[in-house]
Amino acid sequence: MSAKNWVIATGSSAVPPPVPGLEQTPYITNRDLFSFDRLPASMIILGAGPIAAEMAQAFNRLGTRVSVIQRSGQILSNEDKDLADGVMEVLKAEGVQFYLNTAILSAKDLGAEREVVIQTKGKNLFP
Ligand SMILES: Cc1cc2nc3c(=O)[nH]c(=O)nc-3n(C[C@H](O)[C@H](O)[C@H](O)COP(=O)(O)OP(=O)(O)OC[C@H]3O[C@@H](n4cnc5c(N)ncnc54)[C@H](O)[C@@H]3O)c2cc1C
């Protein structure tokens, strides 16, 4: 096969954030999110962009306990704050937990569960 121009459109892949311990901790990305053979009891979502918000709502509605960790002070950072806050309030009312202005310090595999250590305004929390 020959052509003057070629388009390579094989998609993108997720870039895991440089969180200490994450490489040794099993995690899923938006690529393999649809490959579960059973519903997870709980889920921590790192980041709160459109796919994160969409998946937080979907899994929460299916029955998973969902926590969303976001570095900045609002979800959907590219949107107006009043709109993003409105979406967050709806998701909160449905049961999604949000940790804004929160950094992930480390991740760890505990065997049956995974743990992340987070820092919100100077406090260490274990969600
Ligand atoms: C959960 C989720 C929700 C989303 N929601 C939205 C939304 O609401 N609105 C929106 O606009 N976008 C949404 N997106 C993003 C959207 O899916 C992507 O931006 C879009 O699919 C990218 O299209 P693409 O053609 O670049 O890549 P892909 O859709 O990833 O297509 C790449 C294709 O290339 C094939 N391929 C890979 N390697 C090879 C190879 N070596 N040889 C041959 N074929 C290969 C793959 O099998 C695949 O079929 C969402 C994404 C996710 C994960």
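What covers the buried residues of α1? Elements β1, β2 and α2 are among the cover, where contact means heavy atoms within 4.5 Å. Before going further, note that this is a predicted model, so local features need pLDDT of at least 70, side-chain atom pairs count only at pLDDT 80 or more, and totals for chains, interfaces and linings use all residues. Residues are numbered from 1 along each chain as its sequence is written, and side-chain values use heavy atoms, with hydrogens and water left out.

**The helices**

Helices here are DSSP runs of H or I with at least four residues, strands are runs of E with at least two, and both are numbered from the N terminus. The expected span of a helix is 1.5 Å times one less than its number of residues. Here is how the two helices look on that basis:

| Helix | Residues | First to last C-alpha | Expected at 1.5 Å a residue |
|---|---|---|---|
| α1 | 13 residues | 18 Å | 18 Å |
| α2 | 14 residues | 20 Å | 20 Å |

Let's take α2 (residues 81-94). Its buried residues include A84, M88 and L91, buried being under 20% relative accessible area, exposed over 50% and partly exposed in between (1.4 Å probe, protein chains only). Looking down the axis of α2, the buried residues fall within an arc of 65°, so they line one face of the helix; that arc is taken from the directions from the helix axis to the C-beta atoms.

Over in α1, the buried residues are A52, A53, M55, A56, F59 and N60. Both helices are followed by a glycine with a positive phi: G63 comes after α1, with phi near 120°, and G95 comes after α2, also near 120°.

**The strands**

Strand β1 (residues 42-46) has two faces: M43 and I45 are on the covered one, while S42, I44 and L46 are on the uncovered one. Strand β2 (residues 65-69) pairs with β1 in the parallel sense over five bridges, with two strands counted as paired if DSSP finds at least two bridges between them. S42 stands opposite R65 of β2, and L46 has I69 as its bridge partner there. To get from β1 to β2 the chain goes through α1, and this β-α-β crossover is right-handed. Right-handed is meant like this: with the strands pointing away from the viewer, the path from the first strand over the helix to the second runs clockwise.

As for β2, four of its five residues are buried. This strand also pairs with β3, again in the parallel sense, over three bridges, and V68 stands opposite F98 in β3. Together β2, α2 and β3 make another β-α-β unit that is right-handed.

**The aromatic pair**

Rings of Phe, Tyr and Trp (its six-membered ring) pair if their centres lie within 6.5 Å; planes under 30 degrees apart are stacked, over 60 edge-to-face, and the rest tilted. That rule gives one aromatic pair. F36 and F59 sit edge-to-face, 5.7 Å centre to centre with 85° between the planes. F36 is in the segment before β1 and F59 in helix α1, so the pair ties together parts 23 residues apart in sequence. F36 is partly exposed at 33% relative accessibility, whereas F59 is buried, at 7% relative accessible area.
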